[in-house]
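Q: Can you take me through this one? I'd like to go site by site.

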Amino acid sequence: MTTNSVTSSATGPNKGVSRQAIFVGILLAVGLIAPFAVYPVFLMKGLCFALFAAAFNLLLGYVGLLSFGHAMFFGWSAYITAHAAKEWGLTPEIAVLLGTFCAAGMGAVVGWLAIRRQGIYFAMITLALAQLMYFVALQAPFTHGEDGIQGVPRGHLFGVIDLSDTLNMYYFVFGVFALALFFLYRVVNSPFGQVLKAIRDNEPRAISLGYQVDRYKLIAFIISAALSGTAGSVKSLVFQLASLTDVHWHASGEVVLMTLLGGVGTIFGPTAGAYLVVTIQNYFATLGSWVTIIQGVIFVICVLAFRAGIVGVLRPFLKKRGIEA
Amino acid sequence: MADDYIVETKNLTKEFKGFVAVSDVNLKVKRHTIHALIGPNGAGKTTCFNLITKFLPLSRGTILLNGRDITNTAPADIAQLGMVRSFQISAVFGHLTALENVRVALQRKLGTSFHFWKSDTSLAELNDRAEQLLEDVGVLEYRDIPAGELSYGRKRALEIATTLALEPEMLLLDEPMAGMGTEDVARTAELIRRVSKDRTILMVEHNLSVVADLSDTITVLKLGKVLAEGPYSEISQNPEVIEAYMGHGVGSHA
Ligand SMILES: Nc1ncnc2c1ncn2[C@@H]1O[C@H](COP(=O)(O)OP(=O)(O)OP(=O)(O)O)[C@@H](O)[C@H]1O
Ligand SMILES: [Mg+2]
């Protein structure tokens with residue numbers, strides 16, 4: 001009764017891979033021509049938050065951990081990159097790498113402290129540590145308090161390509177984003193990623209199969225923190241500014257919002273969510289504090305109407321066509 | 001002679017805020033036998049499992065596995081020592097396919113479980129073994145279905161396949177047949193009998209005809225204490241057991 005039906009499963013793969021390739025190709029093409037159609041700084045802002053949300057999504061979507069303190073990685077890497085580029089004159093790629101590594105280091109410490117806790121306690125600890133890091137940022141002299149680090153030079157990529165040119169900067173940001181997203185895709189679809197998903201689905205069962213789940217969670221946490229840092233680093237170069245906004249708990253909340261709106265546990269959901277939120281903020285900016293309320297209303301509507309988020313809703317439709325979104 | 005016993009507990013005790021759920025249980029599970037743990041609801045059977053596999057810290061007592069003291073061993077390490085448990089509530093990885101569920105158990109020994117830079121297509125070498133395990137429990141045709149979408153009985157079967165993937169010496173099955181239809185019960189009983197050939201099984205089961213059929217030894221728990229122990233023929237005649245737990249149903253079976 002069993003064996004013959006197995007063959008049916010072999011129909012998809014080849015077709016699926018090529019459709020997937022076309023889908024990704026189209027997205028890449030859109031990303032490459034977008035700056036000719038849309039204001040590039042807006043696009044870059046969206047990409048930075050998209051990367052931040054994608055990194056956050058690794059934890060929430062694939063490990064089931066809700067961090068409420070990811071702004072500390074985002075914001076602190078922004079400071080580090082800004083400082084390194086402005087005061088030490090490091091080239092942008094090195095400054096961004098430095099920000100990323102520092103975020104990974106912070107992630108190791110914070111993760112080690114937080115991952116033994118479950119659910120709301122995990123969220124509380126990450127929030128508490130993020131608040132602590134916010135006050136350090138407020139007090140530390142090199143961050144320049146309320147002013148932030150201003151006039152950060154974008155510099156020359158590899159010492160050659162002038163990033164003060166907006167298009168060059170855009171392609172740099174887009175390149176970082178695309179690489180990081182591919183890396184996250186690989187992590188999620190790796191032997192390690194399989195274990196993460198198993199832990200997310202049923203942690204006690206994963207333990208009973210012999211997995212030391214805390215180690216897997218910690219590594220995922222470090223990767224997530226590091227890439228959140230990359231996002232913050234790049235953002236500080238885009239806006240030539242590192243400020244308290246990015247370490248504030250608002251930023252931690254925003255990234256949760258973006259991820260949920262776009263579709264938690266999907267590859268492109270965080271990007272969609274990030275652009276939605278950034279668009280709302282930009283186009284309704286004149287309304288001042290009403291933006292927050294509009295965001296809240298949209299969030300409530302989305303949660304009620306489609307719980308799985310934008311991409312989460314589209315997903316079954318795309319999957320039938322051999323596309324994993 | 002201690003080697004005859006694969007698992008031994010001494011004065012196993014668990015208190016929850018003053019309430020004693022398991023009290024001085026001395027359990028000896030003989031190698032290559034099927035040992036059943038029965039008792040009314042709330043008797044402490046699942047708690048015993050949680051203690052033996054270290055999912056809960058003990059209040060008192062010691063646990064030996066193959067003569068080795070595992071009282072302070074971490075639960076993940078227990079699995080690596082060859083003792084794997086299942087759960088009373090079906091425990092599958094709901095978003096992973098049936099095949100992936102089994103593969104998660106198989107992949108640990110590949111030693112690549114921390115490799116986040118590698119494609120998961122590298123796990124395909126485990127597919128044959130995983131399919132064979134799925135076939136053994138009769139769910140191969142659901143290979144590519146997310147486990148969360150399977151019926152309850154099939155989830156339980158998948159769970160057993162996943163457990164067997166580790167080739168454990170010692171299996172702890174917590175009500176493996178709860179919620180199954182008669183056909184599935186019969187097949188699962190057969191499967192348990194088959195896999196018990198070179199393994200040891202400790203199982204909790206409410207289905208008494210299954211228990212009578214399968215088990216070599218039965219331990220009856222009541223209110224956290226061992227009430228009686230022995231083969232079914234003895235247990236079913238024990239007036240205390242009849243009165244305290246099984247009532248009328250027992251004697252009639254044997
Ligand atoms: N974590 C816990 N905290 C407090 N009390 C608990 C806990 N776990 C179990 N208990 C109590 O311990 C007693 C034994 O529970 P246990 O789950 O071991 O029973 P069981 O024999 O498996 O019952 P069932 O046949 O219903 O599965 C029950 O009274 C239960 O309420
Ligand atoms: Mg129980």
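A: One definition to start with: helices are DSSP runs of H or I with at least four residues, numbered from the N terminus. In that numbering, A:Cys48 lies in helix H2 of chain A, residues 40–62. Bear in mind that this is a predicted model.

Q: Is A:Cys48 buried or exposed?

A: A:Cys48 is buried, because its relative accessible area is 2% and the cut-off for buried is under 20%.

Q: What is A:Cys48 in contact with, leaving aside neighbours within four places in sequence?

A: With that exclusion, A:Cys48 is in contact with A:Phe74, A:Val173, A:Ala231, A:Val234, A:Lys235 and A:Val238.

Q: And how far is A:Cys48 from A:Val38 in space?

A: The C-alpha atoms of A:Cys48 and A:Val38 are 16 Å apart, with the two residues ten apart in sequence.

Q: A:Lys235 was on that contact list. Where does A:Lys235 lie?

A: A:Lys235 is in helix H9 of chain A, residues 213–238. A:Lys235 counts as buried, since its relative accessibility is 12%. Neighbours within four places aside, the contacts of A:Lys235 are A:Cys48, A:Phe49, A:Phe74, A:Gln240 and A:Asp246.

Q: Switching to chain B and the ligands. Which residues are closest to ligand 1?

A: The closest are B:Gly42, B:Lys45, B:Thr46, B:Thr47 and B:Gln88, out of 13 residues that surround ligand 1. By class, the shell has four nonpolar, seven polar and two charged residues.

Q: Which polar atoms does ligand 1 sit against, and at what distances?

A: An oxygen atom of ligand 1 is 2.8 Å from a polar backbone atom of B:Lys45. For B:Gln88, an N or O atom in the side chain is 2.8 Å from an oxygen atom of ligand 1. For B:His206, an N or O atom in the side chain is 3.1 Å from an oxygen atom of the ligand.

Q: How much of ligand 1 does the protein cover?

A: On its own, ligand 1 has 640 Å² of accessible area, and the protein covers 62% of that.

Q: Which elements give two or more residues to the shell?

A: Strand S2 (19–25) and helix H1 (45–52), both of chain B. H1(B) gives the largest share, three residues.

Q: What about the magnesium, which protein donors does it have?

A: The protein donors of the magnesium ion, ligand 2, are B:Thr46 through OG1 and B:Gln88 through OE1, at 1.9 to 2.1 Å. The pair links distant parts of the chain, 42 residues apart: B:Thr46 is in helix H1 of chain B, and B:Gln88 is in the loop between strand S7 (83–85) and helix H3 (98–107).

Q: How accessible are B:Thr46 and B:Gln88?

A: B:Thr46 is partly exposed, with a relative accessible area of 24%. B:Gln88 is also partly exposed, with 33%. Those values count protein chains only as cover.

Q: What does B:Arg156 contact, sequence neighbours within four places aside?

A: The list includes B:Gln88, along with B:Ser86, B:Phe87 and B:Ser90. B:Asp174, B:Glu175, B:Pro176, B:Ala178 and B:Met180 are also in contact with B:Arg156. B:Arg156 lies in helix H5 of chain B, residues 152–165, and counts as buried because its relative accessibility is 2%.

Q: Last one, B:Asn41: buried or exposed?

A: B:Asn41 is exposed, with a relative accessible area of 70%. B:Asn41 lies in the loop between strand S4 (34–38) and H1 of chain B.

Notes. Residues numbered from 1 in each chain as written. Chains lettered and ligands numbered in written order. Predicted model: local features only at pLDDT ≥ 70, side-chain atom pairs only at ≥ 80, totals over all residues. Heavy atoms only, no water. Near = heavy atom within 4 Å. Polar contact = N/O pair within 3.5 Å; in protein donor to acceptor, adjacent residues only side chain to side chain. Areas by Shrake-Rupley, 256 points an atom, 1.4 Å probe, with all protein chains shown as cover. Nonpolar A, V, L, I, M, F, W, Y, C, P; charged D, E, K, R; others polar. Buried < 20%, exposed > 50% of the residue type's maximum accessible area, 1.4 Å probe, protein only. Contact = heavy atoms within 4.5 Å. Donors = N, O, S within 2.8 Å, 3.2 Å for Na, K, Ca; no water.
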